[in-house]
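Here are my notes on the model you sent. Please read them with the structure open.

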Amino acid sequence: MGDYVKILKSVLFYFWHFTFAIVQNIMGLVMLAIYKSKGAESEWYHNALVTYIDKKNFGGVSLGMFIFINKNRDGDRLHDTKIHEYGHTVQSMILGPLFLFIIAIPSVIWCNLPYFVKLRKEKNVTYYRAYCEGWSNVCGAWATKERFLTAELIERGRYGQPMYPNRNKRKDIKGRRRNK
Ligand SMILES: [Zn+2]
């Protein structure tokens, strides 16, 4: 990609976040200020700002362009969490203020309500079965062009279905051809 296109994309990214999606970005800025005052570290990730925070029983959260991830995550899990949370950043750009009602609130309920926690555990339902979470994986993978690495995401990331079904199909076809 040319530098000008890259710069233009970045400008549009920030402009969009601080107009259409400003509500969650202000919330994100407040959260950033709180954790920065406690010495949290950040890094840029596809124009978003990922901040690592020390919080128990916490995976990640995305408020506009501000992403917060448990600093104890590492390796493939951290890699996949970043793509997933970036998906919520993309959802913010698509939905604007509606993000809070269509994604954030349902997501918090799905994540924390004991009924759903129990359902996921006892019936082995993946966290990504919920539309808001599965859609986030699709958005994140599309926007970052990165691939998920952990089995849970690869096998059940797309609303409980495999993340890359076409790829497996192509593999099958190739395999069958090879066998003939
Ligand atoms: Zn999520």
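Two residues are in contact if their C-beta atoms, placed from the backbone, lie within 7 Å. Keep in mind that this is a predicted model.

1. Start with Tyr-86. Leaving aside neighbours within four places in sequence, Tyr-86 is in contact with Tyr-45, His-46, Ala-48, Ile-67, Gly-140, Ala-143 and Thr-144.

2. Next, the core. The largest nonpolar core has 26 residues. Those that touch the most other members are Ala-48, Phe-66, Ile-67, Phe-68, Tyr-86 and Phe-148. Two or more residues come from each of β2 (48–53), β3 (60–63), β4 (66–70), α3 (75–95), α4 (99–112) and α6 (131–144).

3. How do α3 and α4 cross? Their axes come within 9 Å, at roughly 155°. Angles over 145 degrees count as roughly antiparallel, so α3 is roughly antiparallel to α4. From α3, the contact uses His-88, Gln-91, Ser-92 and Leu-95. From α4, it uses Phe-99, Ile-102 and Ile-103. By class, that is four nonpolar, three polar and no charged residues.

4. Check His-46. It sits in the loop between β1 (41–45) and β2. His-46 counts as buried because it has 20 C-beta neighbours inside 10 Å.

5. With 16 other C-beta atoms within 10 Å, Tyr-159 is partly exposed.

6. Is helix α5 (residues 114–122) buried or in the open? None of its nine residues is buried, so α5 lies largely in the open. Asn-124 follows α5 and has a positive phi, near 50°.

Definitions and conventions:
Residues are numbered from 1 along each chain as its sequence is written. This is a predicted model: local features need pLDDT of at least 70, side-chain atom pairs count only at pLDDT 80 or more; totals for chains, interfaces and linings use all residues. A residue is buried if 20 or more other C-beta atoms lie within 10 Å of its own, exposed if 12 or fewer, and partly exposed in between; C-beta atoms are placed from the backbone. Helices (H or I, at least four residues) and strands (E, at least two) are DSSP runs, numbered from the N terminus. A nonpolar core is a set of buried Ala, Val, Leu, Ile, Met, Phe, Trp, Tyr and Cys residues joined through C-beta atoms within 7 Å. Axes are lines fitted to C-alpha atoms, for helices over the stretch in contact, and angles run from 0 to 180 degrees between N-to-C directions. Angles under 35 degrees count as roughly parallel, over 145 as roughly antiparallel, 65 to 115 as roughly perpendicular and the rest as oblique. Ala, Val, Leu, Ile, Met, Phe, Trp, Tyr, Cys and Pro count as nonpolar, Asp, Glu, Lys and Arg as charged, and the others, Gly among them, as polar.
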